[in-house]
Amino acid sequence: MTTVTVQPGVFLHVLPSQQFATTRILVNFTRQHDATSLGGRVLASNMLETASKKYPSQTALARALSELYGASFGTDVLKTGALHTLRLRMTLVHDSFAPDSESLLVDGFAFIREMMCAPLGDAEQGFHPTVFERQREISLDEIAGLQEEKPFYAARQAINAYFDDPVQALPAYGTVDLLKTVTPKEAWDAWFDTMQHDRVDIIVLGDVDVATVTQAVQQLPLTGRAIVGNPYYEQPEKDAVKQVVELDKVNQARLILAYQLHIAQTDRFQGFVFNALFGGLAVSRLFMNVRESAGLAYSVYSDYNPYTGLLMVEAGVDHAKLGEAEQRIDAELTRLQTELVADDELAMIKRLMKADYVTSLDQPGRITERLQNQELIGYHTTAEEWLAAVESVTAQQVQQVANAVKKQLHYELVGGTQND
């Protein structure tokens, strides 16, 4: 990998590779996650994906992408701990498949510049009002659809209940209340503020020449900016477990247990192995003992966020088995705290983790996502280092991590005839 500082706070990361027939481009704009700019950034992201002055309709945009030999273009918003990223992404076929183009890569960056710098609208009124309102409606419909997905809804409610800081609980895509109040002018201003002040990481993966990519990137109007942002959020530990029970029209209850797990960044692989063993894999303790052996859950798994220290266990459970399921989950955690993991079980978990990682090396999206995260946290790990770090985790270290886990929240989403 080659990293070039294009401007202060603007970085280009080039990963030359002949492994893929396409070139993947990400332009990531990252800042501290906050409620003030979130709604505007989300709706600006939607507008940038939909149209520009040069391509004022989806038909015109689709035609332009077709002329780039079927290129794809889109935007995303995502969170890395306490940071929020607005992303532009583009995938191009290799130049060898585009004989009529002098450089499809250069053409692709010219297209990105057009979408970035000339959105559909103007500085006085903001984004085109009719298109903007349509994009707002689509975003609100998507959020409403997510709210109907009960496992997702329960997880969001549990996260809201867990975090003391309401900003940290906000999802990357915002909320209904935030999106409803944003004007076309506010979203326009939010986007140009993003272009001027956010940290920028441009990632290019493919069979490319570093000098050519660098020259193309330098055509983007990105000036220097100060780097501001810390992905890590640490919440004070609570002495008592917060209890939340919510009623809804559900036939299957959702049980979510939230724990605090703060460990040093240098020990993060110990946390990854612990989570995989506890509930992160299909052969984990929770899956095998709570779901398969005891039959106490339809689904059960754990997830660990190293940036916020939040460890969550989510389970779909019969209403009558909620108490028994929690007791069994607690018992599995206690076993990890008091008994060393057997060598063969630990070896199996490591083997599966490493197999998944090796598989990810064939997936451009996971390669670029991993690089972006490493840039934001300032720790760079090669494939060899990652595999070695997982292999080096001991049973004693897993036990130490388990003993650092502190339950902070019990959340239930219940309903149906059993709750009447």
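I take helices (H or I, at least four residues) and strands (E, at least two) as DSSP runs, numbered from the N terminus. The model is predicted, with local features requiring pLDDT of at least 70, side-chain atom pairs counting only at pLDDT 80 or more, and totals for chains, interfaces and linings using all residues. Residues are numbered from 1 along each chain as its sequence is written, and side-chain values use heavy atoms, with hydrogens and water left out.

**Entry 1: Thr368**

I located Thr368 in helix α14, residues 364–377. Is Thr368 buried or exposed? I call a residue buried under 20% relative accessible area, exposed over 50% and partly exposed in between (1.4 Å probe, protein chains only). Thr368 is buried, its relative accessible area being 0%.

I then looked up its polar contacts, meaning pairs of N or O atoms within 3.5 Å; within protein, one must be able to donate a hydrogen and the other to accept it, and residues adjacent in sequence count only if both atoms are side-chain atoms. The side chains of Thr368 and Arg24 are joined by a polar contact of 3.1 Å. A polar atom of the Thr368 side chain also lies 3.1 Å from the backbone oxygen of Gly365. For contacts in general I use heavy atoms within 4.5 Å. Leaving aside neighbours within four places in sequence, Thr368 is in contact with Arg24, Leu26, Ile203 and Leu205.

In α9 (residues 210–217) I found Val213, Thr214, Ala216 and Val217 buried. Viewed down the axis of α9, the buried residues fall within an arc of 165 degrees (taken from the directions from the helix axis to the C-beta atoms), so they line one face of the helix. The face turned away from the buried side carries the exposed residues Ala211 and Gln215. At the N-terminal end, Asp209 caps α9, with a side-chain oxygen 3.3 Å from the backbone nitrogen of Ala211.

Against which elements do the buried residues of α9 pack? They pack against β1 (2–7), β2 (10–16), α3 (104–117) and β8 (199–206).

Leu12 is part of strand β2 and counts as buried at 0% relative accessibility. Neighbours within four places in sequence aside, I list Thr2, Thr3, Val4, Val6, Ile202, Val204, Val213, Thr214 and Val217 as contacts of Leu12. The C-alpha atoms of Leu12 and Val217 are 7.8 Å apart, although 205 residues separate the two along the chain.

**Entry 2: nonpolar cores**

I define a nonpolar core as a set of buried Ala, Val, Leu, Ile, Met, Phe, Trp, Tyr and Cys residues joined through side-chain atoms within 4.5 Å. The largest has 56 residues, of which Leu88, Met90, Phe109, Phe111, Trp191 and Ile202 touch the most other members. Helix α3 gives this core its largest share, 7 residues. Another core, of 41 residues, lies apart from it and includes Leu261, Leu277, Val313 and Met353.

The axes of α10 (residues 268–280) and α13 (residues 343–360) come within 10 Å and cross at roughly 105 degrees. Phe272, Val273, Ala276 and Leu277 of α10 make the contact with Glu345, Leu346, Ile349 and Met353 of α13.

In α15 (residues 383–391), Trp386, Ala389 and Val390 are buried. The buried residues of α15 fall within an arc of 95 degrees seen down its axis, so they line one face of the helix. They pack against α10 and α13.

Key
Axes fitted to C-alpha atoms, helices over the stretch in contact; angles between N-to-C directions.
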